[in-house]
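Keep the sequence and the 3D view open while reading.

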Amino acid sequence: MVSFRHFLAGVVTAALAYVLSPEIKKRVKPMIDKGVEKGKETMEQIEHKMKKCVMEEESEDRESVEEELERLREERKTYLEEIKELKNLVNRLLNEISQLKDKN
């Protein structure tokens, strides 16, 4: 008798599932679609944030490179001025040496 009850319960469950499944699908489908849309929106937001972060990092890198280039240009300019001064000094000394040789 117990096994007959289990069999009967299984048959009733199967019948209910067969009868109610279209109604369940009808009610669940909008929820699933809504969940999928929210998931897509969330993924787009995450992708947008990631692109924004990458662009900010690239712009920071670009700025640091530009700052470094500007610093190097200033150093180069300073060194060139020092070299010119040294060259002028050497030329003056050579002139003095040649004048001293001429006097002797």
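Four salt bridges turn up when the whole structure is searched. The structure is a predicted model. The points below take the salt bridges in turn, then the surface charge, then the chain as a whole.

**Lys 51 and Glu 47**

- Side chains of opposite charge can pair when their charged atoms come close.
- Lys 51 and Glu 47 are joined by a salt bridge, with 3.4 Å from N to O.
- Both residues belong to helix H1, which covers residues 2–103.
- Lys 51 and Glu 47 are four residues apart, or about one turn of the helix.
- Lys 51 counts as partly exposed because its relative accessible area is 49%, and buried means under 20% while exposed means over 50%.
- Glu 47 is also partly exposed, at 43% relative accessibility.

**Glu 70 and Arg 73**

- A salt bridge links Glu 70 to Arg 73, and their closest N and O atoms are 3.8 Å apart.
- Glu 70 and Arg 73 are three residues apart in helix H1, so about one helical turn separates them.
- Glu 70 has a relative accessible area of 40% and is partly exposed.
- Arg 73, at 48% relative accessibility, is partly exposed as well.

- Arg 71 makes a salt bridge with Glu 75, in which the closest N and O atoms are 2.3 Å apart.
- Helix H1 holds both Arg 71 and Glu 75, which are four residues apart, about one turn of the helix.
- Arg 71 is partly exposed, with 38% relative accessible area, and Glu 75 is partly exposed at 31% relative accessibility.
- Glu 68, Arg 71 and Glu 75 form one network, joined by salt bridges that share partners.

**Charge on the surface**

- Which residues gather in a patch of negative charge on the surface? They are Glu 56, Glu 57, Glu 58, Glu 60, Asp 61, Glu 63, Glu 66 and Glu 67.
- One of these patch residues, Glu 60, lies in helix H1.
- Over the chain there are 21 positive and 23 negative side chains.
- The centres of the positive and negative sets are 9 Å apart.

**Form of the chain**

- The radius of gyration of the chain is 43 Å, whereas a compact globule of 104 residues would have one near 13 Å.
- Along the principal axes, the C-alpha atoms fill a box of roughly 140 × 30 × 10 Å.
- Tyr 79 and Asp 33 illustrate distance along the chain: they are 46 residues apart in sequence, and their C-alpha atoms are 69 Å apart in space.
- Tyr 79 is located in helix H1 and is partly exposed, with a relative accessible area of 48%.

**Exposure of the chain**

- What share of the 104 residues in the chain is buried? The share is 0%.

Terms used:
Residues are numbered from 1 along each chain as its sequence is written. This is a predicted model: local features need pLDDT of at least 70, side-chain atom pairs count only at pLDDT 80 or more; totals for chains, interfaces and linings use all residues. Side-chain values use heavy atoms; hydrogens and water are left out. The radius of gyration is taken over C-alpha atoms; the globule rule is 2.2 Å times the number of residues to the power 0.38. Buried means under 20% relative accessible area, exposed over 50%, partly exposed in between (1.4 Å probe, protein chains only). Lys and Arg count as positive and Asp and Glu as negative; His and the chain ends are not counted. The place of a charge is taken as NZ of Lys, CZ of Arg, CG of Asp or CD of Glu. A salt bridge is a side-chain nitrogen of Lys or Arg within 4 Å of a carboxyl oxygen of Asp or Glu. Helices (H or I, at least four residues) and strands (E, at least two) are DSSP runs, numbered from the N terminus. Patches are made of residues with over 30% relative accessible area and no salt bridge: like charges are joined within 9 Å, nonpolar side chains (Val, Leu, Ile, Met, Phe, Trp, Tyr) within 5 Å. Accessible areas come from the Shrake-Rupley method with a 1.4 Å probe; for residues, only the protein chains shown count as cover.
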